Amino acid sequence: MTKPVAIVTRKWPKENEDRLRELFDVTLNTSDQAFSSDELKQALQNCDVLMPTVTDKITADVLSVENRRANMIGNFGVGFNHIDIKKAKELGITVSNTPSVLTDCTADIAMSLLLMVARRVGEGERELRAEKWTGWRPTHLLGTKVTGKTLGIIGFGRIGQAVAKRAHFGFDMNISYWDPFDIPEDVTKKFNATKLNTIEDICEQSDFVSINCPATEETFHLMNEDRFKLMKKTAFIINTARGDIIDEKALVNALNQNEIAGAGLDVFETEPNLPSELKTLENVVSYPHLGSATSETRIAMGNTAIDNSLAFFAGNDLPNKVV
Ligand code: DGY
């Protein structure tokens, strides 16, 4: 039986690439250079399944390429805001993603940002590496206590709940959340989580605000100038979701005006470029989009994309169908 033709847009973990070679007639990206829009178009013309990732802009124009052969996009990543899903649906292209397998690691990164920024860990490490540490003293690098504080979670899905679990059981934090969907009572009970009616309530009442919602038209610049002004001056914002959920100009302004105490960010509006302030302000901790970056999780993401594509070619229900 002939194998489906697959094109993979970036380098994947070896375990995944070995499996891809077995199951598909695959073209791998050994150079790991990102595809241009023209290369994405050509790929769609020359394969049965395209396997892109979160940095590939699969626009309506790319999807509408003439003589497209691919009817399946097996995305390596849970977020799909880089794919024009409406257009894919209109053209009858199936798209899958990789939820669940990255929940724990992304929640771990959210907690690490929260701890790092509250306890001024980055500042301390920079001081030590610069050989400027003069020794222990009672007033050295005093941060903010995390245990027992209130964490407001915007987006109480899988990852938001995993953050709540860590914060509630590990750090005795009080959990509030905002979500447009109803969350089952057994879930909220588990973390003793309180639903707040508005994002404004979350901003006003939280010591830490964690962004865990998907990037959509509705969540674009959800954290804006007005909402930063509502936050406590002692509060921190944490973002492990998508950069454009925060208006970065408003964030930089809020930090410069001391309207909030700091920010812990794993994602940015125009990655990999970020405003210089987010690289230099002492009360900002920035990571280069590391949420899912563990070997275990990335291999699981690759396998999920492969499993979805196999299901497509076998004519079975996809485990993680987006459209
Ligand atoms: C995703 O999968 O959407 C993350 O942002 C990268 O792991």
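The largest cavity holds about 30 Å³ of space. A cavity is a set of points on a 1 Å grid over the protein atoms alone where a 1.4 Å probe fits but cannot get out; its volume is the space filled by probe spheres set on the points, which are joined across faces, edges and corners. The model is predicted: local features need pLDDT of at least 70, side-chain atom pairs count only at pLDDT 80 or more, and totals for chains, interfaces and linings use all residues. Residues are numbered from 1 along each chain as its sequence is written, and side-chain values use heavy atoms, without hydrogens and water.

A search of the whole structure returns 1 cavity of 30 Å³ or more. Asn239, Gly243, Ile246, Glu248, Leu251, Leu265, Val267 and Leu278 line the largest cavity, each with an atom within 4 Å of a point. This lining comprises 5 nonpolar, 2 polar and 1 charged residues, with Gly counted as polar.

Aromatic pairs (ring centres within 6.5 Å) number 6. Phe169 and Phe191 pair edge-to-face (planes over 60 degrees apart), because their centres lie 6.2 Å apart and their planes stand at 65 degrees. Phe169 belongs to helix α7 (residues 158-171) and Phe191 to the loop between α8 (185-190) and β8 (194-195), so the pair ties together parts 22 residues apart in sequence. Helices (H or I, at least four residues) and strands (E, at least two) are DSSP runs. Phe169 is exposed (over 50% relative accessible area) at 56%. Phe191 is buried (under 20%) at 4%. Phe312 and Phe313 also pair edge-to-face, at 5.1 Å centre to centre and 85 degrees between planes. Phe156, Phe169, Tyr177 and Phe191 form one aromatic cluster.

Key
On a 1 Å grid over the protein atoms alone, a cavity is a set of points where a 1.4 Å probe fits but cannot get out, and a pocket is an open set with protein on both sides within 12 Å along at least five of seven lines; lining residues have an atom within 4 Å of a point. Rings of Phe, Tyr and Trp (its six-membered ring) pair if their centres lie within 6.5 Å; planes under 30 degrees apart count as stacked, over 60 as edge-to-face and the rest as tilted. Buried means under 20% relative accessible area, exposed over 50%, partly exposed in between (1.4 Å probe, protein chains only).
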